Amino acid sequence: MTKFSTIAAGALWGLLTASTASAHYVYSILVIDGQQTPDWQYIRQNSNNIQPHKEFLVGPSDDFRCNAGSQGSAPHTDVAVIGPGTRLGFKLWNNGQILHPGPSTIHMSRAPGDVRDYDGSGDWFKVYEDVICGPQHPLQDTDWCSWDQAVVEFTVPHNTPPGQYLVRVEHIALHGAESGDTEFYFTCAQVEVTGDGNGNPGPLVKIPGLYDSNDPALRFFIYGAQEYPYNQVGSHTVWSG
């Protein structure tokens, strides 16, 4: 069975067995300067298909880095060679769209050697974040920058030091956040950044440890709110290089 047919079967089963599965999604396609690559060519395939991670209150495991089962697919996943300034994007599998309210982030972590062997236990830094783009008052689903979007993308900072990296894309669904039922959708791409960048990325964080389970931005009750009063999730800011 091919990678594509494997996830297709899993996703179809999820659609048939869960009433909410139509709003679930997974990032499987890396987009490099506007050019789409095949599903899972450069992104580590996870084993829980389109289902979200929900370990927020109990404390996430190491699977919170690149998703369940992804380490096993790492040796079979290609490494995309890109330069600083590359426009790098992540597209949802099967023409999916984000239909849960919440922010998106992208983080990078430099591997100590071959990224295909790297488990993501090193330092991570944030390179992208989107939160609110709409007028609010009251807060609506369509006010979130990510709402109804199929692709999230950023520009690799020009001062990014050369090396191999994991690039972790994440969408955080807040429709159940007040009770701690926050949903995380994420995968990791494997890339090699060329060039002679000499920047000092940061602030640095660890995964797990990326978020505090009591962070009000991730426990906010969105329904009936006039606005979302936060402009970032987590205590760390975006590094722009």
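Strand β6 (residues 125–130) is mostly covered, with 5 of its 6 residues buried. This is a predicted model: local features need pLDDT of at least 70, side-chain atom pairs count only at pLDDT 80 or more, and totals for chains, interfaces and linings use all residues. Residues are numbered from 1 along each chain as its sequence is written, and side-chain values use heavy atoms, with hydrogens and water left out.

Me: Why is T37 called buried?
Reply: Buried means under 20% relative accessible area, exposed over 50%, partly exposed in between (1.4 Å probe, protein chains only). T37 has 13%, so T37 is buried.

Me: What makes β5 and β6 a pair?
Reply: Two strands pair if DSSP finds at least two bridges between them. Strands (E, at least two residues) and helices (H or I, at least four) are DSSP runs, numbered from the N terminus. Strand β5 (residues 104–110) and β6 are joined by 5 bridges and run antiparallel, so they pair. S104 stands opposite D130 in β6.

Me: How do you know that β1 and β2 pair?
Reply: Strand β1 (residues 27–32) and β2 share 2 bridges in the antiparallel sense. V31 stands opposite Q36 in β2.

Me: What makes β2 and β7 edge strands?
Reply: The open sheet of 4 strands has the order β2-β1-β4-β7, with antiparallel pairing. Strands β2 and β7 (151–155) each pair on one side only.

Me: Which residues is T37 in contact with, leaving aside its neighbours within four places in sequence?
Reply: Contact means heavy atoms within 4.5 Å. T37 is in contact with I29, L30, I32 and Y42. The T37 side chain also reaches the backbone oxygen of L30 at 2.6 Å.

Definitions and conventions:
Polar contact = N/O pair within 3.5 Å; in protein donor to acceptor, adjacent residues only side chain to side chain.
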